[in-house]
Amino acid sequence: MEKTYHLALDLGATSGRSVLATFDGERVTTDELTRFHYPMLPLAGHLFWNLPLIYQEVLNALREASRRLKAEGATLASVGIDTWGCDVAYFHADGSLAGLPYCYRDTHTTGAVDEFGRHMPRPELYSRTGIQFMDFNTLFQLDTLRRSEAPVLDAADKILFMPDALVYMLTGRAVTEFTVASTSQMLNLATGDFDEVLLEKLRLGREKFGPMVQPGAVIGTLTPEVQTATGLGAVDIIAVAGHDTASAVIGIPTSDSNYAYLSCGTWALLGVESPDSNSGDKALEYNFTNEGGIDGTTRLLKNICGLWIFERVREELGLRDADISELAASCHDSQCATLINPDDAVFANPKSMVEAINEYCAARSLECPATSADYIRVIYRSLAHRVGEVLGWLRELAPGSVERLHVIGGGSRNGHLMQMLADETGMPVIAGPAECTALGNILVQLRGCGRVDTLDSMRRIAARSTDTVTYNPQ
C-alpha cells in the first residue's frame with residue numbers, strides 16, 4: 001500500500017520548520033524535514049518581514065518533500081500552514097506584493113491603542129471584539145498606517161494574514177482563516193466576521209479581505225507554477241488553525257477540560273478553552289483575549305512575554321551557542337532574588353535587553369544581576385511568577401476548574417523552568433509536546449482529508465502520539 005504523508009509548515013516569529021507526518025489510524029508520526037530562519041528586516045527606519053524570503057523557504061520545504069516522496073514512492077495528501085498572529089501582507093490585484101509586511105515589533109504602533117480611542121472608547125471596542133489591548137494588534141497597525149496616510153492600504157487589492165498570504169501565493173486563492181483573523185481585534189464576537197463599524201473607521205472595505213474559512217476547509221491546490229517549481233502535483237492546501245497557538249491547543253494530549261495551557265516560546269500564552277467568550281468587565285480589567293478556536297470554541301487567554309527576554313540576553317552575553325540545559329541549570333548558581341515584570345513595555349524590543357533589565361532594576365532599587373547565572377535566574381523566576389499571577393486571574397474568569405497546567409512549545413523542554421512553574425502555581429505541570437503546534441496542524445489536515453472527525457478524537461490521537469513529563473510542586 002502506498003504511503004501517504006501530510007506536510008505541516010509551522011512558522012514562528014523569526015524561524016520556521018516543515019514537518020512530514022503519517023497517520024496509521026491510531027498515531028501520528030512526525031519527522032522534521034527542514035528548519036529555517038528569517039530575521040526581522042530593518043529597512044527605512046522600520047522593521048518588516050521579508051515575505052519573499054519566507055515564501056522561498058516554503059518552496060524549499062515543498063521541494064524537499066517532493067524529493068523525499070519520490071525516493072520512497074509515497075504521495076503527499078495535503079499541506080497546512082500556521083504562523084504567528086496579527087501581522088498582514090498586502091497584494092495587488094495581479095497577485096504581486098504591494099509592500100513588505102510590517103513586523104509587530106516595529107515601534108510605529110507605540111501608543112496606537114490610545115490613538116484609536118478617538119474612534120471608539122475601550123469598553124465599547126472590547127465588548128465588540130473581546131481582544132486584549134496590545135499596540136501591535138492588526139486593528140491598530142492598520143489605523144497607524146491610515147493616520148500616516150500610507151498608500152499601501154488603498155493600493156492593496158487584498159490584505160491577508162500571514163498564513164493566508166502564503167496560501168494565496170501557493171494557490172492563488174485569497175481566504176481569511178478564522179483563528180488567525182481572531183487575533184486582529186477586528187472580528188465581531190457576535191458575527192464571527194469583520195466588524196463593519198471598525199472597517200468603516202479604517203476606511204477599508206470587507207472585499208479587501210478574503211472570505212472567512214474555518215479550520216479543516218480545503219482551500220485549493222498548488223498552482224501550476226508552484227507544481228513546476230517544486231516537483232509536486234496538484235496537492236490540496238487545507239486551512240488548518242492558522243494561528244500557531246490555535247494549532248498548538250488542538251494538539252494538547254488530554255481527555256478532559258480541567259486544565260489551563262501555556263504555549264511557551266517567544267511569547268507565553270496562558271489560557272483555557274471555553275465554549276463561550278467572556279468580554280465582561282473583569283475580563284476587560286485583566287485585559288484577557290477571546291481568540292477563536294476550532295469547532296466554535298474560544299481560547300480565553302492572555303499574552304505574556306515569554307522567552308524573548310532570555311533569547312535576547314543569551315545573545316548579548318555571547319551565549320548563543322551554549323547548551324540550553326547547562327544555561328538553565330546555572331540559575332541554581334545564583335542567589336539573586338530580583339523579580340521583574342516581563343510584560344513591562346521596556347522589554348518589548350530595546351536596543352539592549354541587558355541594559356533594559358539593569359535600568360529597570362536601578363529605577364526600582366532592586367538588586368541588579370551581575371553574572372550570566374543571575375540574569376538567567378531573574379528571567380526564569382520572573383516568568384514563572386508572572387504566569388502564577390495571571391493564572392490567578394484566569395481562574396476567576398474560566399468557566400470551569402483548573403487543576404493542572406499543560407505546557408506546550410519549545411519551553412516545555414526546559415525542566416528547570418517547568419519545576420519553577422510547578423512550584424509557583426502550586427499545581428502539576430504537564431510538559432510537552434514541544435512540537436504541539438505541528439501536531440495540531442497535522443490533526444486538522446487529517447480532518448480536512450476525512451480521516452478524523454471530532455475534536456475529542458483529535459485529542460485521543462494526540463495522547464497516543466506524544467510523550468509528556470509531569471512536574472509536581474516541591
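Student: What is the volume of the second largest pocket?

Tutor: This is a predicted model, in which local features need pLDDT of at least 70 and side-chain atom pairs pLDDT 80 or more, while totals for chains, interfaces and linings use all residues. Residues are numbered from 1 along each chain as its sequence is written, and side-chain values use heavy atoms, without hydrogens and water. A pocket is an open set of points on a 1 Å grid over the protein atoms alone, with protein on both sides within 12 Å along at least five of seven lines. Its volume, the space filled by probe spheres set on points joined across faces, edges and corners, comes for the second largest pocket to about 750 Å³.

Student: Which residues lie nearest the centre of the second largest pocket?

Tutor: Lining residues have an atom within 4 Å of a point, and the second largest pocket has 30 of them. By class they divide into 12 nonpolar, 9 polar and 9 charged; Ala, Val, Leu, Ile, Met, Phe, Trp, Tyr, Cys and Pro count as nonpolar, Asp, Glu, Lys and Arg as charged, and the others as polar. Those nearest the centre are Met134, Asp135, Phe136, Ala345 and Ala348.

Student: Which element supplies the largest share of the lining of the second largest pocket?

Tutor: Helices (H or I, at least four residues) and strands (E, at least two) are DSSP runs numbered from the N terminus. Both helix 2 (112-116) and strand 17 (298-305) supply at least two residues of this lining. The largest share, 3 residues, comes from strand 17.

Student: How many disulfides does the model have?

Tutor: A disulfide is a pair of cysteine sulfur atoms within 2.5 Å. Cys103 does not form one, because its sulfur is 11 Å from the closest cysteine sulfur, in Cys86. Cys305 is in no disulfide either, the nearest cysteine sulfur, that of Cys264, being 10 Å away. By this rule, the count is 0.

Student: Is Cys103 buried or exposed?

Tutor: Buried means under 20% relative accessible area and exposed over 50%, with partly exposed in between (1.4 Å probe, protein chains only). The relative accessibility of Cys103 is 1%. Cys103 therefore counts as buried.

Student: Which residues have the most contacts inside the largest nonpolar core?

Tutor: A nonpolar core is a set of buried Ala, Val, Leu, Ile, Met, Phe, Trp, Tyr and Cys residues joined through side-chain atoms within 4.5 Å. The largest one has 87 residues, and helix 15 (residues 372-397) gives the most to this core, with 12 residues. Apart from it lies another core of 50 residues, including Leu20 and Tyr55. In the largest core, the residues with the most contacts are Leu270 and Ile357.

Student: Which residues does Ser66 touch, not counting residues up to four places away in sequence?

Tutor: Ser66 sits in helix 1 (residues 51-72), where its relative accessible area of 4% makes it buried. Contact means heavy atoms within 4.5 Å. With residues up to four places away in sequence not counted, Ser66 touches Thr230, Gly231 and Leu232.

Student: Which residues is Met169 in contact with, leaving aside its neighbours within four places in sequence?

Tutor: Met169 belongs to helix 6 and, at 18% relative accessibility, counts as buried. Its C-alpha atom is separated by 8.9 Å from that of Ser96, although Met169 and Ser96 are 73 residues apart along the chain. Leaving aside neighbours within four places in sequence, Met169 is in contact with Leu51, Tyr55, Phe91 and Val226.

Terms used: 1 Å grid on protein atoms, 1.4 Å probe; cavity = no way out; pocket = protein on both sides within 12 Å on 5 of 7 lines; lining within 4 Å.
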